[in-house]
Amino acid sequence: MSVGGAKKVHSARSRIHIHPSLEGASWIRKLAARRELFSGGALLDVTVQVASQIGLWRPLIRHTTEARWYEALVLSDALELWLIGWAPGQATPIHDHGGAAGALTVAGGHLVETVHRDPSLAQPRRIIHAQGARASFSPYHIHRVANEGAVNATSIHAYSPAGLEMRLYDDSVEARLVADGNVATQR
Ligand SMILES: [Fe+2]
């Protein structure tokens, strides 16, 4: 599936979920109603805007030591918008996003992203995303994200199109837990 700013999602029935706490925000409803796919830059803008609205996500965020915590803020055909809480030591497996473009903004704490150029996983590149940092990525992005700090981290993630399955690239403990359905699969 190609991703482009003007490309529209074609489906027989549009499915839209907005977190009940956000239904009163007209700009959130407008994002959820958009039918065109979002570019990486547009996703970046969305995550930055949500992160800046502290009163919007702070009442919702949770951090649990059992597993990475996540909550869908918006799920439509064109957009997935997630709030994610990372306790110290929590990490994703190495994964891609199934062909979706994506973006993240760190709203609290900091995250370490390890980016892989291709599925061979050679020459990984390590990026530290401090509070306020933001990044967008292409549909071909392969990475692992971790909270390597001593305090909780919070991040906002957006993907377009929605509903594509992440693909795993390693046999780490995190990947085995995801494969067994014992831990969060949200990217
Ligand atoms: Fe990811």
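These are my notebook entries on a predicted model of one protein chain.

**Entry 1: overview**

I began with the secondary structure. The protein chain has 4 helices and 11 strands. I then looked up burial: 36% of its 187 residues count as buried. Next came contacts between residues at least 6 apart in sequence. Of these, 79% join residues at least 24 apart.

**Entry 2: the open sheet**

I traced the strand order. An open sheet is formed by 6 strands, in the order β1-β2-β3-β10-β5-β8, with antiparallel pairing. Which strands stand at the edges? They are β1 and β8 (134–137), and each has a single partner strand, so one side of each lacks a neighbour in the sheet.

I checked one pair inside this order. β2 and β3 pair in the antiparallel sense over 6 bridges. At one point W69 has G85 in β3 as its bridge partner.

I also picked out W82, which is found in strand β3. Is W82 buried or exposed? I counted 20 C-beta neighbours inside 10 Å, and 20 is enough to count as buried, so W82 is buried. W82 and S155 are 73 residues apart in sequence, yet their C-alpha atoms are 8.3 Å apart in space.

**Entry 3: helix α2**

I turned to α2 (40–52). Its 13 residues should span 18 Å at 1.5 Å a residue, and the end C-alpha atoms are 18 Å apart, which agrees.

The buried residues of α2 are G40, L43, L44, V46, T47, V50 and A51. They cover an arc of only 160 degrees around the axis, which puts them on the same side of α2.

What do these buried residues pack against? I found α1, α3 (54–57), β3, β5, β8 and β10. The helix α2 lies across β3, β5, β8 and β10, and runs at about 20 degrees to β5.

**Entry 4: helix α1**

**Entry 5: the largest nonpolar core**

I then looked at the largest nonpolar core, which has 37 residues. Which members touch the most other members? They are L43, V74, L79, L81, I156 and A158.

Leaving out residues up to four places away in sequence, L79 touches L31, A32, R34, F38, V74, A158, S160 and A162.

**Entry 6: β6 and β7**

Last, I looked at another strand pair. Strand β6 (residues 111–116) and β7 pair in the antiparallel sense over 5 bridges. V115 stands opposite R125 in β7.

Note on methods:
Residues are numbered from 1 along each chain as its sequence is written. This is a predicted model: local features need pLDDT of at least 70, side-chain atom pairs count only at pLDDT 80 or more; totals for chains, interfaces and linings use all residues. Helices (H or I, at least four residues) and strands (E, at least two) are DSSP runs, numbered from the N terminus. A residue is buried if 20 or more other C-beta atoms lie within 10 Å of its own, exposed if 12 or fewer, and partly exposed in between; C-beta atoms are placed from the backbone. Two residues are in contact if their C-beta atoms, placed from the backbone, lie within 7 Å. A nonpolar core is a set of buried Ala, Val, Leu, Ile, Met, Phe, Trp, Tyr and Cys residues joined through C-beta atoms within 7 Å. Two strands pair if DSSP finds at least two bridges between them. Axes are lines fitted to C-alpha atoms, for helices over the stretch in contact, and angles run from 0 to 180 degrees between N-to-C directions. The expected span of a helix is 1.5 Å times one less than its number of residues. The arc is that of the directions from the helix axis to the C-beta atoms.
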